[in-house]
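Hi,

Here is the model I promised to pass on.

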Number of protein chains: 2
Amino acid sequence: MTAQSLAADEALAWLALLRAPGLGAATIRTLVARHGSACNAVAHARRDASIPGAARDAVCAPDRETQAADRHWLGQPGHHLIPFASEDYPALLRDIPAAPAALFVAGDPTHLWSAQIAIVGSRNATAGGLANARAFARAFAQSGNVVTSGMAEGIDGAAHAAALDAGGTTIAVVGTGTDVIYPRQHGDLAARIRAHGALVSEFPPGTVGKPENFPRRNRIIAGLSLGTLVIEAGLNSGSLITARLAAEQGREVFALPGSIHSPLARGCHKLIRDGAMLVETADEVLGQLRGIGARLAEHLRGRLGDRVAGAEAASPAPEVQGRDPEYSRLLTLLEHAPVSLDELADRSRLPVAALSSMLLVLELDGVVSAASGGRYVLARPAENSGLPLRPGRGSA
Amino acid sequence: MTAQSLAADEALAWLALLRAPGLGAATIRTLVARHGSACNAVAHARRDASIPGAARDAVCAPDRETQAADRHWLGQPGHHLIPFASEDYPALLRDIPAAPAALFVAGDPTHLWSAQIAIVGSRNATAGGLANARAFARAFAQSGNVVTSGMAEGIDGAAHAAALDAGGTTIAVVGTGTDVIYPRQHGDLAARIRAHGALVSEFPPGTVGKPENFPRRNRIIAGLSLGTLVIEAGLNSGSLITARLAAEQGREVFALPGSIHSPLARGCHKLIRDGAMLVETADEVLGQLRGIGARLAEHLRGRLGDRVAGAEAASPAPEVQGRDPEYSRLLTLLEHAPVSLDELADRSRLPVAALSSMLLVLELDGVVSAASGGRYVLARPAENSGLPLRPGRGSA
């Protein structure tokens with residue numbers, strides 16, 4: 001457990017808000033911001049007219065049994081509740097419309113800050129589609145990217161498994177509580193993902209799969225990722241929702257073409273006609289995301305500068321708007337051999353969440369490369385490997 | 001033989017110019033225009049300093065044996081030489097850069113004025129590719145379009161044969177003389193095309209296949225057609241040249257997607273990435289070409305108005321710029337049952353070439369539909385069949 005943990009009472013208060021019927025993400029975020037914490041929001045809920053009646057009752061008199069279960073879930077190793085305002089909340093997801101008020105994570109939440117590529121597709125994939133999902137996931141993982149998907153049968157499961165088999169990292173965003181295994185046959189896969197990546201959900205523990213949860217889950221998959229690759233999809237596939245959301249969020253959408261006689265190519269063809277990039281190889285995806293990485297790096301650097309500055313003073317200190325001096329100090333701690341995040345945290349005395357954010361910016365900037373096993377290495381100017389998101393070399 | 005024939009002497013003079021070494025299409029067109037006819041251009045060639053020396057010698061002292069062979073070719077039924085300025089020269093081809101100075105046709109040259117869709121692709125097509133070529137060619141032919149291709153092995157040959165098998169019309173543009181069968185195994189196919197369509201070439205009779213002829217042939221395929229569909233093509237396929245030329249000529253390019261593991265899908269995928277329309281069905285092609293037909297109809301109507309007017313008076317008569325009165329008279333001669341072009345020529349007393357042009361305009365305008373066997377029928381406003389290029393109904 002490397003990320004910053006929420007105090008138990010604050011986490012329970014968050015759960016009370018998140019479980020309250022009819023309280024939307026935007027309302028919860030506003031409430032917590034106004035009261036300064038979830039604990040305060042809950043304490044003042046009885047007198048808060050902005051909370052609908054039923055939600056107020058639920059927040060003020062939470063179900064004891066549910067609360068005990070939540071306490072139990074929060075106490076397990078590797079379980080995290082990450083509120084919207086937390087430094088651990090991934091920046092790319094924060095940018096989307098209707099971002100979740102909080103995320104539940106089972107596994108290592110620092111992976112949420114790694115460069116992610118979503119692979120999604122049909123639950124009833126063909127053998128060829130599954131082989132393609134495995135090949136692209138392997139290539140993305142081997143180039144240091146996290147493979148993000150929805151842990152569904154078919155393409156999703158194949159992508160997760162192949163990323164893990166390649167020694168990489170994978171994130172599964174689920175439409176249930178992270179403790180509810182769905183589909184059932186993915187119990188072993190879920191355990192592997194939890195151990196070598198993260199299971200992520202916006203739904204509290206114990207939430208069972210409901211049809212309306214899955215499109216909501218899809219917006220998180222798209223929102224966490226720099227780009228979304230659709231491998232095989234019918235015209236009514238949920239993968240098309242994920243792809244549409246990714247496009248609406250300004251992320252890149254990639255699709256594999258297929259035979260005009262294959263019903264599972266139709267969704268991909270529709271996406272290509274609608275502007276998705278037709279890809280034949282993983283390198284095409286990685287090449288395209290390098291350009292996007294460059295733009296995101298600018299954006300993130302500005303945001304992180306604001307945030308670091310905001311934590312220290314009311315007005316941002318100009319010297320942290322760019323990369324100096326924290327970034328320069330971090331660069332002196334990196335080496336040309338991969339260094340683990342924990343080692344860097346020790347050396348830098350920086351909180352792991354802040355460190356992850358800074359490493360992502362440096363990675364998107366092409367100065368640092370992600371290596372296997374969540375390690376980081378200085379990017380060599382002369383090198384031109386398949387490592388991800390390296391927009392330009394001269395900027396260090 | 002329905003089109004207007006060139007006088008034998010004028011045709012021979014054209015052949016002398018076309019066979020002269022180093023005389024380009026633009027030079028020949030300028031020469032003939034300046035002298036008023038090919039005969040006059042040849043008669044004055046000795047004193048014309050704009051003709052290079054070798055070409056001048058060839059024009060003034062043509063090889064007797066070649067001339068006898070040319071005379072023989074011209075004397076055969078169904079053989080036509082169509083100069084650039086002729087009314088039979090197809091309007092769409094006239095629009096392209098470096099349009100041929102003349103076309104040699106074996107078959108019925110009035111088909112050159114029909115709405116054409118090009119189908120091209122690899123010579124080493126897969127069984128699936130050949131089946132797709134046949135299915136699209138059949139659908140295009142059944143909807144009244146002429147299928148145009150290059151009579152090569154593979155996709156080209158399959159498209160021609162399927163159009164003929166469906167009772168439709170097909171045009172083969174060849175990179176040899178129309179009397180040279182290439183590839184050799186397409187002798188029977190060439191005979192069928194000649195009987196139920198046309199063999200077309202810019203190369204004089206007897207010209208054998210040279211590698212440099214085929215890209216030139218491809219620009220004619222693209223130039224005759226409203227759009228070009230590529231079925232299967234490797235990255236080095238000549239079909240990509242045809243598609244590029246079609247795009248440069250402002251025509252629509254369509255490509256069929258395929259497996260990312262198929263080398264013959266790569267060329268199609270490249271085209272799609274470069275802006276070609278990904279299509280799964282013939283209806284998508286026909287639907288897209290309806291819009292293009294509407295724009296072309298405007299353009300052609302203007303040109304034809306100019307031409308009809310120019311033939312009658314020095315300044316265009318305003319009343320023929322639109323559709324009246326010649327078009328209105330023609331519409332009264334059409335019926336809701338298909339009428340052949342010859343029958344319409346008899347009824348209207350219009351030259352067949354002018355009639356073909358006017359029918360194409362009306363067809364592109366959605367007022368007239370092409371039926372099988374080169375017949376024409378009034379389009380019914382309520383009808384919505386698969387007939388081609390029907391942009392709107394209210395304009396009649």
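Below is what turned up, starting with the conventions and then going from the interface to the local details.

This is a predicted model, so to speak: local features need pLDDT of at least 70, side-chain atom pairs count only at pLDDT 80 or more, and totals for chains, interfaces and linings use all residues. Residues are numbered from 1 along each chain as its sequence is written, chains are lettered from A and ligands numbered from 1 in the order in which they are written, and side-chain values use heavy atoms, with hydrogens and water left out.

**How the chains sit together**

**The interface**

On each side of the interface, 17 residues are in contact: 17 of chain A with 17 of chain B (contact means heavy atoms within 4.5 Å). The buried area is about 1400 Å², and carbon and sulfur atoms give 55% of it; this is accessible area, taken with a 1.4 Å probe, that the two parts lose on being put together, summed over both. In chain A, the residues losing the most area to chain B are A:Ile260, A:Arg273 and A:Glu280, which together make up 47% of what that side buries. Of the interface residues of chain A, 100% are also interface residues in chain B, so the copies meet through the same surface.

The rule finds six salt bridges across this interface (a side-chain nitrogen of Lys or Arg within 4 Å of a carboxyl oxygen of Asp or Glu). B:Arg273 and A:Glu284 have side chains that meet in a salt bridge, 3.1 Å from N to O. Which secondary structure brings the largest share of chain A's side? That is H12(A), with five residues. By class, the side of chain A that touches chain B has eight nonpolar, five polar and four charged residues; Ala, Val, Leu, Ile, Met, Phe, Trp, Tyr, Cys and Pro count as nonpolar, Asp, Glu, Lys and Arg as charged, and the others, Gly among them, as polar.

**Inside the chains**

Over all chains, the whole structure has 24 salt bridges. One of them joins the side chains of A:Arg19 and A:Asp70, at 2.7 Å from N to O. A:Arg19 is in helix H1 (residues 8-19) and A:Asp70 in helix H5 (residues 64-75) of chain A, so the pair ties together parts that are 51 residues apart in sequence.

Most residues other than glycine have a negative phi, and most peptide bonds are trans. The bond from A:Tyr182 to A:Pro183 is cis, with omega near -5°, and A:Pro183 is in the loop between strand E5 (170-173) and helix H9 (187-196) of chain A. In chain B, a cis peptide bond joins B:Tyr182 and B:Pro183, with omega about -5°. A:Met151 is not a glycine, yet its phi is positive, about 55°; A:Met151 is placed in the loop between strand E4 (146-149) and helix H8 (155-165) of chain A.

Cheers

Definitions and conventions. Helices (H or I, at least four residues) and strands (E, at least two) are DSSP runs, numbered from the N terminus.
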